[in-house]
Structure formats: C-alpha cells, structure tokens
Amino acid sequence: MKNFSSHFPLQNPQHPNTPLVIPNTIQGQEKDENEPPPSDIEDQQDKPRCDWDFNLTTVISSSSSAAAGSDAIGAVEFDHTDSLFATGGIARKIRIYSAEKLLAPRRNDDYTLDHAAACEFYICTPARLSSLKWKPGSGSRVIGSGDYDGVVMEYDLEKRVPVFERDEHGGKRVWSMDYSGCDPTLGASGSDDGTMQMWDTRCDLGNCVASVQANRPVCSVEFNPFIGHMVAVGCADRKIYGYDARRMADPVFILDGHQKAVTYTKFLDPKTVVSSSVDGCLVMWDTEDQNPIRTYKGHVNSRRFVGLSVWRNGGLLSCGSEDNHVFVYDKRWGDPIWVRGLEPAAAAQPRNGGFVSGVCWRQTAEERCTLVAGGSDGVLQVFEGVRKSCS
C-alpha cells in the first residue's frame, strides 16, 4: 500500500440508477411456440423483486428535541447471539438494547419509545464514537469502541467499566475497529492518521503487533468472519486491500474500481466482499480473481458515512442514504428491492435535512429478518421482514 496520490473526496456527482443486466442464454433446447422471446425472459429474470414483507416494529427517539440534535448515531452492532444490539455516536454513550423486547408486540400498536425507556442500560464514554464491535468469545460481556480522539477502548458491560485502552493513532479519529474471530485477543483499527494497526489486548497498552502505512485515511477494517486471519482494509485512495494477519508485508488482494474513498467493507462469504464508497455505489467483489461481480446503485452517498450491513443467510445488503432513506438490496440485482424514508419519525430533524448514518442486520435464519437503522437525528428504527409465501 504505497504511493497513494488521490485525495480524500468531499463531493461526488449524482449517478443514475441503472440496473446491472446479466444476459442469460438458453442453449441446446428446441423453441416452444408458447415460450416468450428471449428478451422477455431476460427482462423477467433480471428485474429486481422483493421476496420480503418489511414492517416497522419500533421507533426509538429522544423525548427532548435538544437532545435529539446532538445524538447522531454512528454505529449499530448486534452481538454474536443476536439477542442484544448496541449503538454509539455523538452522544458519548454506548446504549445496549434487547432485540426481543423491541420486536415484541405492544398495546394499542404504540411502537414509539424513548431511548431512556427502551435501552437496558448505557455506559458514558469520554469521546464521540465512530465504531463499535462486540468481542468474540466474551459471552456478550465485552464491547470495543473507536472514537474521535483516536482511542480504542474495551468495556466490561457487566461491571460497566473500561478494561482496555489504546491510544496509538496520534489523536486522529479512529473510523473503524474489529476483532479477529479466530483469535479474539487480536484487534485492528483504522484511522485518519493513514494507518491500520493490529494490536494484542493481552499486552500492556495493547502493543502494536503489525501496522500498514496507507498515507491516506483508513476508513474501514474488517476481519473475515469465516477465515479469521484475513482482514480487509478500505482506504481513501479508493481501494480495498486484503491482508493475511500472519504475513502483513504485502496485500493478498487489491480491489480497485471505486471512484471515491471506500467507507465500509463487509464479508458476505469467505471469498466475497461488499464495499461502500462516497461515489454513491456498493460493489460486490470476488477476492480470488479480484474483479467486481455487481454494482448497486440507488442510494445517495457523496460525502458521509451512511452505514453498510450484510445479512449473509438471506443474501441481503443494506445501507443508509443522505436523503434520509434506508435501502435494501438483494445481492442478485443492482437496483434496490426496498426503500424506506425515515422522515415521519424524525420530528427533531435538523432544518438542513438528516441522513441515515448506521444500519445493521440481525444474523438470523432464512425466513425472518431484522434490520435496525439509525439516523443523524438520533432516531432508531427497527424493521422486521418476513419472507413472502410462494403462490
């Protein structure tokens, strides 16, 4: 990762919402007189369809309009049991919620709650938060955070105290942090200081065990949850770099195709990465041949972090948008299959308009799904999806 010459983007032209068409051919078959022409077959197969009924189940907001204006949500993360999720952001609080409690039916169809009543508890943090990750193997007891002061911290949620602190990014904002699934003591963080650093929480002050010098802001870091020694790094030079944590000298793969900074990277399966960029696109990549598989367009994203999450069992992707909508894509099609505006719930929205700043799928079975979306106004919305029955 050397000789980066591009600058961190602040603006982006609007892209048209153009579906990706993948031609399908039928060979070795006799033509049926009643069979539609090939072009019609392709249109039917390539046209996006939504196999899900999504419904809003809960809206969580601040009772005070003044509090809502300073409560932008920067991160939403489900734990490994999918029973809890946490949020963090501008308010300098890690809030812990029970998923089942927010999905349970309530009297009089009142689905609006206040943060104070909805969350199980919260922990105050010394700085604004940009990233949250539950530590694997901790039994949902330990959660890590990256903040605007360049510090990575761990909190014991049972005792509600910090248990680990690492400040090696020179006070530059940490955009992303993650843990290795095969070795939970190994973590990584990416920062505005242009480095991705790996550290061991067993060492005093979390000594750095490896570092990548990007010379441009590192916006996203994620370990492969299927192959825990592989880590993907998204950078402001428009590329995604894959490293083997055991041999960090050179990247294993480089994915190059975005037009602006890469803000998020998520593994969909062991060999497939989905990335988000402020060029207004999501891209799905094959990490073996290092080529893009499909591009997803429709949401608005030219300068902000709007979140990215993948539901691996259902093959669904979700991201936010700068027009205050949440978008859901099926991995098979480039156009969105479901779009929902958050404006009705955002009564305290700033006059210049809010945006969806964080999304997260619950990694459940294949027939039901849960999506949590957070906004720049501090409002959380919980959606439940049920697979449509085939007639």
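In what sense do strand β24 and β25 pair, and over how many bridges?

1. The model is a predicted one. In it, strand β24 (residues 316–319) pairs with β25 in the antiparallel sense, over 4 bridges. Within this pairing, Leu316 has Asp330 of β25 as its bridge partner. The hairpin of β24 and β25 has 5 residues between the strands, and Asn324 takes a positive phi near 65° there.

2. On its other pairing, β25 is joined to β26 by a hairpin through 5 residues. Strand β26 (residues 336–341) and β25 pair in the antiparallel sense over 5 bridges. One of the contacts to inspect is that of Phe327, whose bridge partner in β26 is Val339.

3. Is strand β25 enclosed or open? Of the 6 residues of β25 (residues 325–330), 5 are buried, so the strand is largely enclosed by the rest of the structure. In general, the side chains of a regular strand alternate between the two faces of the sheet.

4. Turning to charged contacts, the structure holds 16 salt bridges. Among them, a network of salt bridges links Arg49, Asp51, Asp330 and Arg332.

5. Which residue forms a salt bridge with Asp71? The partner is Arg95, with the closest N and O atoms 3.2 Å apart. Asp71 lies in the loop between α2 (65–69) and β2 (73–78), whereas Arg95 belongs to strand β4 (residues 93–98), so the pair ties together parts that are 24 residues apart in sequence. Asp71 and Arg95 are both buried.

6. A salt bridge also forms between Arg141 and Glu158, where the closest N and O atoms are 3.5 Å apart. Because Arg141 lies in the loop between β7 (129–134) and β8 (142–147), and Glu158 in the loop between β9 (152–156) and β10 (161–166), this pair ties together parts that are 17 residues apart in sequence. Arg141 has 29% relative accessibility and therefore counts as partly exposed. Glu158, at 60% relative accessibility, counts as exposed.

7. Finally, Arg246 and Asp244 form a salt bridge in which the closest N and O atoms are 2.8 Å apart. Asp244 is buried, with a relative accessible area of 4%.

Methods. Residues are numbered from 1 along each chain as its sequence is written. This is a predicted model: local features need pLDDT of at least 70, side-chain atom pairs count only at pLDDT 80 or more; totals for chains, interfaces and linings use all residues. Side-chain values use heavy atoms; hydrogens and water are left out. Buried means under 20% relative accessible area, exposed over 50%, partly exposed in between (1.4 Å probe, protein chains only). Helices (H or I, at least four residues) and strands (E, at least two) are DSSP runs, numbered from the N terminus. Two strands pair if DSSP finds at least two bridges between them. A salt bridge is a side-chain nitrogen of Lys or Arg within 4 Å of a carboxyl oxygen of Asp or Glu.
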